[in-house]
Amino acid sequence: MFSTRVFAKTASECTVISEMADVTGEKIKSELETFDINCDDDAVLDKMLEQCLCHRIKGEDIVNEWVAFSTTKGLLKLTVNNLETFEHEVLNKKHKNKGSSKSSKFNNTRDVHSIQDLLNRIKAEEEEENLLDSYSTPAKVGSQKRALTTPEQPQSKRAAARLPSPGLLLSPANFSPCATPSQKYSMRGARGEVVATFGAVQGPRWSGKGQTEVHVDLLEGREDSLTSSYKYMFQRLRDVRDVLTEKIEGLGEELRKHFNIEEFSPASLPVQDTVSVVGQVCCDSNGKLNAQSVLLEASQEHGARQVPVDLSELKDYSLFPGQVVVMEGINTSGSRFVASKLYEGVPLPFYSPPELKQEMKEALEPVMVIVACGPYTPSDSLAYDPLIDLINVINKDRPDVCILLGPFVDSKHEQIEKGQVTETFETIFARCVDSIVDGTRGAGCKLVFIPSQRDVHHHYIYPQPPFTLPDLKKDDLQRVILAPDPCTLLIGGVTMGLTSTDILFHMGAEEISSATGSDRFSRIMKHMLTQRSYYPLYPPAEEVNMDYERFQQYGLLPLTPDILIVPSELRYFIKDAIGCVCVNPGRLTKGQVGGTYGRLLLQQNPVHEEGRRVSPCIAGQVVKI
């Protein structure tokens with residue numbers, strides 16, 4: 001009944017993705033200067049970087065495409081608006097054409113002979129190594145071989161990977177066997193620069209008191225939250241179907257009540273009059289959704305059929321696969337539903353705290369929260385210099401709460417992928433956490449650790465159970481909170497939703513819109529809140545391993561949070577979406593250079609003024625590390 005997506009990745013695609021990960025604004029700027037195009041507008045460079053990530057193309061290629069497009073249009077000026085036109089007319093069409101030729105590429109590259117050749121090459125290299133070892137003098141029992149290194153024959157990377165780690169706890173070399181600090185990271189500029197703001201610009205003091213008495217816990221309590229690992233890879237297709245059917249019926253009923261709709265009709269039923277239908281948006285193929293490929297998939301109650309949708313009469317819409325919508329329109333033939341009106345989703349209510357005693361209603365000190373997301377190492381080194389810099393920031397500003405999202409041991413790091421480590425991933429993670437806990441003990445702040453699916457040592461599943469720290473000292477048990485991904489926290493009476501999965505990037509690549517006044521980030525944030533889900537996209541991105549039964553239990557929004565934290569590879573921001581302050585703090589490192597983190601000033605136990613809700617977020621900033 002429900003559409004699924006089959007993914008296959010060739011070696012050439014892996015190369016493109018790895019090259020795409022290295023694209024930066026500076027590289028794009030350098031490519032533009034090759035054509036004598038000077039661009040000092042960060043918004044333009046960020047837009048081009050976003051297009052590179054969304055359409056999986058290299059910086060050099062997007063500049064070449066822009067120059068060709070600009071020339072055909074009479075040397076267009078490089079602006080954000082012109083880039084959006086360029087994306088619509090050039091990049092989207094190229095993405096569609098690439099999708100049609102994927103099957104032939106797979107047949108050419110994924111053959112048995114190429115795989116056998118690869119295995120033979122690996123075997124030959126191993127035999128060559130063994131042959132060289134047989135000519136060397138055997139070492140004494142208990143002794144260690146020492147490689148001969150000269151200026152003409154420098155130490156190889158493989159030999160460097162076997163070196164023992166130093167014993168200093170906070171030393172970068174302690175985290176990696178060949179921990180050469182990243183030169184680009186150490187030479188970065190604009191340290192501590194504020195790049196995005198929200199709320200009170202002047203006035204707030206960005207320093208807390210390290211109040212360990214600030215109450216931090218999971219909103220729904222430990223009993224109703226994901227607190228331990230579970231068995232996965234056992235879900236049946238019919239169980240997935242039941243979860244998706246319940247989602248359509250549940251959100252559809254909420255929309256029916258809110259918009260006073262009498263009843264829903266089957267979308268595939270031929271009618272001459274205008275009717276209201278409910279269903280889930282999906283694509284008619286395995287390619288990217290576009291205005292001509294939209295299908296509406298009904299629930300079992302309304303026929304469980306997929307019907308093509310004509311969007312030509314809708315002036316304003318924003319759709320993505322997996323979105324539950326209500327449409328008005330006609331279907332004269334039964335083969336195509338012509339939509340004339342689109343009803344958007346309705347968000348859940350905000351948190352209503354229990355009535356406080358009179359003495360508790362007095363204004364409490366604001367709570368300072370720091371939020372940072374991994375990776376915590378540059379891409380060219382396993383030295384945790386950015387993490388040490390963040391610990392220094394925590395000790396200087398003394399926040400009340402510090403929320404750290406994974407990855408802590410990044411599976412996408414080059415040295416991790418190549419296995420250039422001498423210790424287990426669990427050991428590296430344990431030392432990383434010990435450094436954070438011990439290094440911030442003087443600040444006295446609460447520490448919240450949230451895993452990521454990029455954490456190589458942890459369960460690769462969504463929703464993701466929290467970390468386990470069996471060696472945590474008793475004195476730190478009250479200060480350290482281990483939360484799952486996703487989760488909803490209650491911090492001093494303020495609700496905060498968090499997920500380390502890059503939903504912004506995944507939905508940004510799939511969403512289509514027409515004539516909407518808001519920007520893409522605001523639309524995606526609004527979709528998350530109105531679809532009442534931390535991950536409303538279906539089918540999910542290739543890298544997300546979803547367990548739908550657990551997702552129904554732990555992956556849905558229990559309410560509209562006061563603050564929503566959504567770290568992403570895309571540009572950082574902090575903005576309001578239907579009353580919820582949404583924050584993308586960015587990542588602590590971006591490639592080989594430093595990234596950003598977020599800090600918030602929250603009013604504890606916010607009260608309503610004159611019957612109206614007041615946002616507890618006094619101020620917010622995104623800051624460069």
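Which residues of helix α2 (residues 25-34) are buried? Hold that for a second while I say what we're looking at. This is a predicted model, so to speak of local features we need pLDDT of at least 70, and side-chain atom pairs count only at pLDDT 80 or more, while totals for chains, interfaces and linings use all residues. Residues are numbered from 1 along each chain as its sequence is written, and side-chain values use heavy atoms, with hydrogens and water left out.

Okay, α2. The buried ones are G25, I28 and L32. They cover an arc of only 65° around the axis, which puts them on the same side of α2; that arc is taken from the directions from the helix axis to the C-beta atoms. By buried I mean under 20% relative accessible area, with exposed over 50% and partly exposed in between, using a 1.4 Å probe and protein chains only. Helices (H or I, at least four residues) and strands (E, at least two) are DSSP runs, numbered from the N terminus.

Just past the helix, D36 has a positive phi of about 60°.

Next stop, strand β5, residues 306-310. With β8 (residues 337-343), β5 pairs in the parallel sense over two bridges, and V309 has F337 as its bridge partner.

Quick look at S276, in strand β3 (residues 271-283). This serine is buried, at a relative accessible area of 10%. Beyond its neighbours within four places in sequence, S276 is in contact (heavy atoms within 4.5 Å) with I261, E263, F264, S265, M327 and E328.

Six strands, mixed pairing, in the order β2-β13-β14-β16-β18-β17. At the edges are β2 (216-218) and β17 (573-577), each pairing on one side only. Inside it, β16 (residues 563-565) and β18 (residues 580-584) pair in the parallel sense over three bridges, with I565 opposite V583.

Notes. Pairing = 2+ DSSP bridges.
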